Amino acid sequence: MLKHKDCVLLTKVGSFYELYFHQAKKYAPLLNIKEAKRPNSAVSMAGFPAHQLDRFLKILVQDLQEHVALCEEIRSEFSDTIDRRVTRIITPGTLIDEKFMDPLENSFLLAIRLPAEGSTKNLVDVPRAFEEVAMPASVLEKPVGIAWLDISTGDFFTQLTTFGSLSSDVARVGPREIVMTDEDVQENGSKVLSSLELHQRPITRHKDTKGSASFKPWSQLQRGEVREEDPTSFKPLEMDAGSLLLSYVNERFQGMNLSLQPPVRLQSQQSMIIDKNTMRALELLGTSKEGLGGGKGSLLHTLRGTVTKSGSRLLRSWIASPSMSLETITARLDIVSRFVDDRSLREELTVNLKRTFDSQRLVQKFAMGRGDADDLVSLLKTIDATAEVAHLFRRNLPSFDSHTSNHGPVTPSDQSLYKLQARISLDGPKALADLIRHSIDEEGLMQAHRIEDGDRADLLPSAQDIGQNDAPSEGPSILSGLLKSKAKKKFPGEVISDDQDVWILRRTASPELEDLHQKFEALQMEKVSLTHGLREELKADSLSLRWTPGLGYICHVKGARDLSSTMQRSSVTRDVRTTKSTRSFHHPEWDKLGSRIDGARKGIRVEEQQVLRNLRGQVVTNLVQLRRNGAVLDELDVACAFAALAEAQSLIRPVVKDGGELNIVGGRHPTVKVGLEEQGRAFVSNDCHLGRKERVWLVTGPNMAGKSTFLRQNALISILAQIGCFVPAEHAEIGLVDQIFTRVGSADNLFRDQSTFMVEMMETATILNNATSRSFVIMDEIGRGTTPEDGVAISFACLHHLYYRIRCRTLFATHFHRLADMTAHFEHLGCYCTDIVEGPGESFSFVHRLKPGVNKSSHALRVAALAGVPEAAVETARNVLETLGHPSKTELPDTAHLQGLAT
Ligand code: ADP
Ligand code: MG
């Protein structure tokens, strides 16, 4: 506990994990276990059964965000002594295969390295609320190195980013834990961190003692596998971040051999950049209410038709960073089209995908020297399913290897699918699958689990009784002491039968194993004949040969008949236990045979472990292929999900190309539409044409008529297209968008004492500072949180800047209809509006269809009335509006005459 000061220490004692001293006091109530004391000792302790480790780790690591040091028992190979050592420190970002890990999301650990010189020191005196905006451009553009990895899959990435985009990068990666160096945190840490909004994620400080590039694990990883990229292209800051990450992980795993994939260097120009405001505003990964949990209403939720866990994770990462490569996007769309056209192929594929297990995490387990017989079986099933997928493609795709293909013209869809399936390689994996199939006895494995489960059920009550037991036995642990007494109670004077041998491997798994089994069987035969012999000799038909803990090898006879005379003759020494109805005694021959049987049994167990070790080794040999196959399955899974969605919601294939056009005919909002339809309402589709003719659309219209929905739907359609998904429209043509920015109705950041207007301006600054001519900007009602004059002025300035400086595609919704007049000379700006139609009497309805023109009325009062504002208040508002509508009367509306109205 002294050595690992920042950790909760869990010590393994027999079949329990225990906490001591103040930690027992503090965590017992949090873990809902009882705190106990040893007799004559003031030492507090608390514990839980070892097989429930995952459950308690979840509370400690995930819920309480503690670091947990696991102190395990190390059994010496040569003597019977047990040593204890901390083998691993578990933190929110360093999980391997814990059962509580979210299977649908990567578990990333992210390291950040800031540039060395005190380049951000000038920030320290800036008042809090102004940090982000006050960062001068020179600071915003400072390079920052980031590296992140998921230990459960081995995925490892680095990227060179800037101060300005760091917080968006963090939002995109969504790490469970962030690592920074002491110096970085001390020098410019807390200020920068709070301005980056990282504080909602646990940040761990770590002293990186090793130099960056010379750090061994980094250079080893670099050599690990040949990558297309030139390894020297990693920038020093990225390497610093990478080695900080590795050094931290190394310490957490206490030098355990972690097999990671070689780092992949991400470059910002490879994917569409979606900043954190946009991610939130468009509800890509989660709704605004619940953050990033992929909840209902989010794009992720709508798209998530994937049937495998790793497929879901891939989908999430695609949504967070849509592609900028035409080749990639086209290939993905090709495959989706193929699956839309060929439903039966898609459905057959899905059936097979469902049979796979989480291959990436599974394979990584083996890479780390873990993986048990169950994992081998899961792997076997996954390989079988992969082979079935490959077979499906062979049947459904024309052969491409011959130049003289007589299957007619090859469609691009077929070509893309062919390329994808060609990445599946089965030679090694198939042999591995056969080896597993011939080695593991699935029946036996299941039987073994049933027995284990039974044992656990026995353990449970004893663990819960722990606190009440005030006279615990001595020994290393009161818990295990208690356990023994329970175990005894369960078999009062009874004996444990030993004829329940369960083997998890087939006896043919190795020649040695076969041999051992034969010997074992021969001994069993000897036991049978010894039993018969003794029954005869002692005239005791119920005699059986057994072993019990405490007594050892015994002969057991039912019935209280006196056997003294016969026993004397057959060299039986003495009774070791007699009850009213049974008696047990030793016999030298059974002693000898019994220990030989036990020896043989132990031999089989040892050999089984050896065979399992070999199998694990074989998995590791096939690691690269298995990972690659897994990646293909993931992509197929996402493509099938996209195709199924396309069919269900009549999506169409977008045309994605270079250039600055954005032509959407009959576009719909993917999530709002579904929501409306669930209420039995219809969604009105809208067109959007941005590009050479009209670069900016100025959208006006009444409240509640669909301006915001229109803006967002076009952003979402662009994102969907670049993910490689079909889109909700009749026709869509999209020139690659490098960044999407949205400035949408604000979520107040009150806990950071930033006013609505401040937040709005900060987001505006981000857009105007970062957008390029290839970007797509969405501005929704900017300039609201201030006076109308200031609002108009700021809105105009934004429009002006976007139109003349940045020259990017822009959708701009506003209630300031004066802007239409002010921008009349903007040649490439179009005005569009939504409207309402009057119904009979006071009633009206919204026209959600956009039409050219400007709507000068926001119809705010009707919406107010609709929302239930009292009639009198609405009437007052109407009168004020009337006065305001005639500015010639007075500069300020004269409200004196209105006072009478209220009374
Ligand atoms: P605005 O921004 O103009 O105030 P919103 O975009 O917030 O309006 O839309 C308000 C509501 O109108 C939405 O919640 C939705 O229920 C409905 N709506 C918006 N667009 C459409 C549409 N195209 N078709 C049908 N209903 C729509
Ligand atoms: Mg709106």
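Tutor: Among contacts in the protein chain between residues at least 6 apart in sequence, 72% join residues at least 24 apart. The model is predicted. The protein chain has 31 helices and 27 strands.

Student: What share of the 903 residues in the protein chain is buried?

Tutor: Buried residues make up 50% of the 903. The chain exposes about 42500 Å², and carbon and sulfur atoms supply 53% of that area.

Student: Why is Ser795 called buried?

Tutor: Buried means under 20% relative accessible area. Ser795 has a relative accessible area of 0%, so Ser795 is buried. Ser795 is found in helix α27, residues 788-806. Leaving aside neighbours within four places in sequence, Ser795 is in contact with Ile782, Phe812, Phe816 and Leu819.

Student: Why does Asn32 count as exposed?

Tutor: Exposed means over 50% relative accessible area. Asn32 has 69% relative accessibility, so Asn32 counts as exposed. Asn32 lies in the loop between α1 (21-31) and β3 (36-37). The C-alpha atoms of Asn32 and Phe56 are separated by 9.7 Å, and the two residues are 24 residues apart along the chain.

Student: Why is Glu283 called partly exposed?

Tutor: Partly exposed covers the range between the two cut-offs, under 20% for buried and over 50% for exposed. The relative accessible area of Glu283 is 21%, so Glu283 is partly exposed. Glu283 is found in the loop between α9 (276-281) and α10 (299-303).

Student: What is the phi of Glu283?

Tutor: Glu283 has a positive phi of about 50° although Glu283 is not a glycine. Most residues other than glycine have a negative phi. Ser650 is another residue other than glycine with a positive phi, near 45°. Ser650 is found in the loop between α23 and β18 (655-657).

Student: What makes helix α5 mostly covered?

Tutor: Nine of the eleven residues of α5, which runs over residues 163-173, are buried. Among them are Phe163, Leu166, Asp169 and Arg172. α5 is followed by Gly174, whose phi is positive, near 60°.

Student: How does the reach of helix α15 compare with the expected span?

Tutor: The expected span is 1.5 Å times one less than the number of residues. Helix α15 (residues 373-396) has 24 residues, and the expected value is 34 Å. From its first C-alpha to its last, α15 reaches 35 Å, close to that expectation.

Student: What makes Asp372 a cap of α15?

Tutor: A polar contact needs a pair of N or O atoms within 3.5 Å. A side-chain oxygen of Asp372 lies 3.2 Å from the backbone nitrogen of Asp374, and Asp372 caps the N-terminal end of α15.

Student: What reach does helix α20 have?

Tutor: Helix α20 (residues 511-538) has 28 residues and reaches 40 Å from first C-alpha to last, close to the 40 Å expected. Its buried residues include Leu513, Phe520, Lys527 and Leu538. α20 is followed by Lys539, whose phi is positive, near 55°.

Student: What makes a set of residues a nonpolar core?

Tutor: The residues must be buried, belong to a list of types including Ala, Leu, Phe and Cys, and be joined through side-chain atoms within 4.5 Å. The largest such core here has 78 residues, and those with the most contacts inside it are Leu284 and Phe339. Helix α23 (residues 623-648) gives the most to this core, with ten residues. Apart from this core lies another, of 44 residues, among them Ala367, Leu530, Tyr553 and Trp590.

Student: Which residues does Phe339 touch?

Tutor: Not counting residues up to four places away in sequence, Phe339 touches residues including Leu345, Leu417, Leu636 and Cys640.

Student: How do you know that ligand 1 has a polar contact with Met704?

Tutor: The cut-off for a pair of N or O atoms is 3.5 Å. An oxygen atom of ligand 1 is 2.7 Å from a polar backbone atom of Met704, which is within that limit. For Ala705, an oxygen atom of the ligand is 3.3 Å from a polar backbone atom. For Ser708, an oxygen atom of the ligand is 2.7 Å from an N or O atom in the side chain. The protein covers 82% of the 570 Å² of accessible area that ligand 1 has on its own.

Student: How many residues surround ligand 1?

Tutor: There are 14, and the closest are Val684, Met704, Lys707, Ser708 and Thr709. Helix α25 (residues 707-723) gives the most to this shell, with three residues.

Key: Residues are numbered from 1 along each chain as its sequence is written. Chains are lettered from A and ligands numbered from 1 in the order in which they are written. This is a predicted model: local features need pLDDT of at least 70, side-chain atom pairs count only at pLDDT 80 or more; totals for chains, interfaces and linings use all residues. Side-chain values use heavy atoms; hydrogens and water are left out. Buried means under 20% relative accessible area, exposed over 50%, partly exposed in between (1.4 Å probe, protein chains only). Helices (H or I, at least four residues) and strands (E, at least two) are DSSP runs, numbered from the N terminus. Contact means heavy atoms within 4.5 Å. A polar contact is a pair of N or O atoms within 3.5 Å; within protein, one must be able to donate a hydrogen and the other to accept it, and residues adjacent in sequence count only if both atoms are side-chain atoms. A residue is near a molecule or strand if one of its heavy atoms lies within 4 Å of it. Accessible areas come from the Shrake-Rupley method with a 1.4 Å probe; for residues, only the protein chains shown count as cover.
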